[in-house]
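Me: I have a model open and want a quick walk through it. Can we start with the core and work outwards?

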Amino acid sequence: MKLLVVILAVISLTVAEELEPEARLIGGTNAAWGQFPSAVSINNFPFHLHCGGVIVDRQHVLTSAQCVLNPQNRLIDPYWLTVVAGDVALAPVGSRRQTRKVTRIYVHPEFNVFTRENDVAVLRLDRPYDLPSNTVDIARRRMQVTPNAEACQFAGWGASTNAATAPVNVLQRFLPMNINDRELCNGAGMHAGRVLESMICAGNTAASNNAAPCNGNLGTGLFCNRQLVGILSFGVNCGVANNPPVFTQVRYFSRWIDQQFNRTEGLPPNWTPGVL
C-alpha cells in the first residue's frame, strides 16, 4: 500500500511538472479574446519545452526550427507536440480552445544551429482548424519592408517578473516592441554582426522590467499593424540590456512556407540540419 502511494505521488508530480507553464515573458498587458487569433502555444512534453507559433494555413503552424529539435539537434517525433489555439489562458481550458496534434514537421533545409539563419519550421496538424472563428484565424503575412521605429506587438504567455519564484501568469500577454535599426543591434556591445538581412531586431536594448521576452517564447510572432512580421529566434533577454530580441523575417520565407502545405513526404526520423 505504501509503495502504491509513493508511485501515485511520483506520477502526480510528473504530470504537474508537465502541465505547469514556465516563466516566459516579463511585463506586458493581458490580451483580449481574439486579439491575436493566429497565435498558438506549442508544448513538447518529453523535453518540457514550450514555444510559440503562428497559424499560417488552416492546417499548418509556423514556428522556430529550434523548437522541433532535441538537445542533440535531431528532429523530434511530431507525436510529442501539442498545439493550442483560440484560448488566451493556458489553464483552465476555455470553450473556444482548439487543440491539435502534429503529424509532420518541415524544417528549412538550410537552418544553421549556430547563426540561427533560416530559423523556420512548419508543423502540419492532424486536422484543420474550425473556421471561421472569433478566436482562431490565419495570420496575414507582411510582404513589404518593415521600417525602423514602427510600433509592433509581441504576444505570448508567462510570468510578470524575472524572479525565479514569480507566479506564472497563464493569460496571454502582449508586449510593445519598436523596430530597431539593424546597425544598432549589430554593434559590438550587442549582437556583433549576427543580425542578418533575413532577420529583424525589435524591442528593448536597455534593461527592462516591463517589456521583454523570457524563456519559452521561441517561435512566437511579432505583429506590426496586425500583420505577421517575424518569429522570435534569439535575444531572449528576460530584461537584460544589450541583448535585444531578434526575429526571423517571415517575408523572406513566405514562398518556402507555402511550398510545405502540399508536401507529401516527411523528413526522415532523426533528421539533422545541414549545418551543425
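Me: Phe247, buried or exposed?
Reply: Phe247 is buried, at a relative accessible area of 0%. Buried means under 20% relative accessible area, exposed over 50%, and partly exposed in between, with a 1.4 Å probe and protein chains only. Keep in mind that this is a predicted model: local features need pLDDT of at least 70, side-chain atom pairs count only at pLDDT 80 or more, and totals for chains, interfaces and linings use all residues. Residues are numbered from 1 along each chain as its sequence is written, and side-chain values use heavy atoms, with hydrogens and water left out.

Me: How many aromatic pairs are there?
Reply: Four aromatic pairs. The rule takes rings of Phe, Tyr and Trp (its six-membered ring) with centres within 6.5 Å; planes under 30 degrees apart count as stacked, over 60 as edge-to-face, the rest as tilted.

Me: What about Tyr79 and Trp80?
Reply: They form an edge-to-face pair, 5.0 Å centre to centre with 80 degrees between the planes. Tyr79 is exposed, at 53% relative accessibility. Trp80 is partly exposed, at 41%.

Me: And what does Phe154 do with Phe247?
Reply: Their ring centres are 5.8 Å apart and the planes stand at 65 degrees, so this pair is edge-to-face.

Me: Which residues does the ring cluster hold?
Reply: Phe36, Phe174 and Phe223, linked by ring pairs.

Me: Where do charges sit over rings?
Reply: One case is Arg96, whose charged end is over the ring of Trp33, 4.7 Å from its centre. Another is Arg194, over the face of Phe234 at 4.1 Å from the ring centre. The test is NZ of Lys or CZ of Arg within 6 Å of the ring centre and within 35 degrees of the ring normal.

Me: Switching to strands. Which ones make the barrel?
Reply: Six strands close it, in the order β3-β4-β5-β8-β7-β6, with antiparallel pairing. Two strands pair if DSSP finds at least two bridges between them. Neighbouring strands of this sheet are turned by 40 degrees against each other on average, direction ignored. The axes there are lines fitted to C-alpha atoms, for helices over the stretch in contact, and angles run from 0 to 180 degrees between N-to-C directions.

Me: What does β3 pair with?
Reply: Strand β3 (residues 39-44) pairs with strand β6 (residues 81-85), antiparallel, over four bridges. Asn43 stands opposite Thr82 in β6. Six bridges join β3 to strand β4 (residues 49-57), also antiparallel. Val40 has Gly53 as its bridge partner in β4.

Me: Why is β3 called largely enclosed?
Reply: Because six of its six residues are buried. Ala39, Ser41 and Asn43 point one way from β3, and Val40, Ile42 and Asn44 the other way. In a regular strand, side chains alternate between the two faces of the sheet.

Me: Now the loops. Where is His108?
Reply: His108 is in the loop between β7 (98-107) and β8 (121-125). His108 is buried, at 11% relative accessible area. Leaving out residues up to four places away in sequence, His108 touches Asn118, Val120, Phe253, Trp256 and Trp271. Contact means heavy atoms within 4.5 Å.

Me: And Leu69?
Reply: Leu69 is in the loop between β5 (60-63) and β6, and counts as buried at 8% relative accessibility. Beyond residues up to four places away, its contacts include Phe111, Val113, Trp271 and Pro273.

Me: What is the mean pLDDT of the chain?
Reply: The mean is 86, and 85% of residues reach 70 or more. pLDDT is the predictor's confidence in each residue, from 0 to 100. Over residues 1-23 the pLDDT is below 50. Where pLDDT is low, the predicted coordinates should not be read in detail.

Me: How many helices and strands in total?
Reply: Three helices and 15 strands. Buried residues make up 51% of the 276 residues.

Technical notes: Helices (H or I, at least four residues) and strands (E, at least two) are DSSP runs, numbered from the N terminus.
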